[in-house]
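Subject: Structure handover

Hello,

Here is the structure you asked to look at. My notes on what I found follow below.

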Amino acid sequence: MTAIKVGLVGIGAQMKENLLPSLLQMPDVRIIAACDTDRARVTEIHRFVPGIPVKDSVVDLLKDIHVDALVMAGPPQMHREAALLAMQRGVAAFVEKPPCSTLAELEELVDVANRHGVVTGVGMNFKFAKPIRQLREMTTSREFGDTLFVQINHYANKPRTPLWGLDSSLRSFLLAQAIHTIDLAVTFGRGELIDVRPRVQRHSDGLIVNGDLTFSSGVTASLLSGTTFPYFEFQMKVVSSTSTMVELDNLWNMTVHEPEHGTNVTGVAKRWRGTWQPGPLDSGYERSGYYGELLAFFDAVRARGCFEADYASLLPTYRVIEAICQEETESAFEGLSLRSQSRSEHTAIAL
Ligand code: NAD
């Protein structure tokens, strides 16, 4: 198999700690160039891949070196601009999340990707994490029945100030953290997103964001997230038409609750619960999804096919992000004009 020639853009923490180690283990992928606006950072790549050319701009990298794909990890403005340049040259473009700052920008990226017929990808590693893959397999089995309800609690304590030069800490939090949560709700919701009911609470510089999503499949999802929590915690529950409930705790412990379960050893038992955990020797990159997402992306590049976490797959997620930002703007406006009148019902946002 001919190796895919890859250029790296943005040699910062995420590239060095997660993406690069995964790429270095991957068969038939060759890193042939690197780029960062910071000279000291870009030359650090030689500790891992000696002798490759280094550039301080994506324009120069694409002009001077023939690559099949770029893998990028920097601010969303860089992701968007560099992905546009790459796609216009027919180069596949994988970016860390977030790919861009707004829904309108994502729609432009999707449009350019379609026009140039290139494979695109976003680093939605939660979706490829081993426990989530296990949960997806379990909840799509015939025995599980139809998924009816998904609950995701994603507690965070940052960012509490705007990131990447944006003017909103809410949008920064949604793009940096809640993007994973919303993407998982969309993944497990299956079908088209048809309704979003968001609510945003601010206390000092912290946020609590919750929302209910409805999908055309009949699945509903309830999300709770924000930056007011003491530390990172992640809990997920999926409930099915067979009264089975699967709980995933901190992307690690999975518990399946069933009304009744039969095994050779126990016979038929009521109120059954079974547990699953990743293997203790599973590699960290595989467990966290970084290896799996890149492997699937390069498979799609080879096959000229579609990668599951491509730019288009994030359109519903960005619709939810815009709905949450719109809800906060509208609440602030109502708070000013109707301060004495309490809101009895929060409104659904038109998608
Ligand atoms: P970082 O600041 O450590 O690294 C970013 C690098 O990009 C820097 O070296 C910077 O000089 C470079 N850069 C900036 N603009 C550039 C440009 N125009 N051209 C070339 N290089 C440029 O940041 P980080 O912590 O590595 O985060 C990078 C991205 O990874 C962010 O978008 C973040 O959201 C994402 N990330 C994702 C996860 C995840 O769970 N998937 C986890 C951490 C970070």
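In the side chain of Arg41, an N or O atom is 2.8 Å from an oxygen atom of the ligand. Gly74 has a backbone N or O atom 2.7 Å from an oxygen atom of the ligand. On its own the ligand has 860 Å² of accessible area, and the protein covers 73% of this (Shrake-Rupley method, 1.4 Å probe; for residues, only the protein chains shown count as cover).

The model is predicted: local features need pLDDT of at least 70 and side-chain atom pairs count only at pLDDT 80 or more, while totals for chains, interfaces and linings use all residues. Residues are numbered from 1 along each chain as its sequence is written, and side-chain values use heavy atoms, with hydrogens and water left out.

Around the ligand there are 23 residues, and the closest are Gln14, Asp36, Arg41, Gly74 and Lys97 (a residue is near if one of its heavy atoms lies within 4 Å). This shell consists of 9 nonpolar, 9 polar and 5 charged residues (nonpolar: Ala, Val, Leu, Ile, Met, Phe, Trp, Tyr, Cys and Pro; charged: Asp, Glu, Lys and Arg; polar: the others, Gly among them).

Lys97 also takes part in a cis peptide bond to Pro98, with omega near -5°. Pro98 is in the loop between β5 (92-96) and α5 (103-116) (helices, H or I of at least four residues, and strands, E of at least two, are DSSP runs numbered from the N terminus). A cis bond also joins Lys158 and Pro159, with omega about 0°. Pro159 lies in the loop between β7 (147-155) and α8 (169-189). Trp164 is in the loop between β7 and α8, and its phi is positive, near 55°.

The protein is divided into domain 1 (4-126) and domain 2 (127-279 + 316-329), with bounds from an automatic or database domain assignment. Their C-alpha centres lie 29 Å apart.

Regards

Conventions
A polar contact is a pair of N or O atoms within 3.5 Å; within protein, one must be able to donate a hydrogen and the other to accept it, and residues adjacent in sequence count only if both atoms are side-chain atoms.
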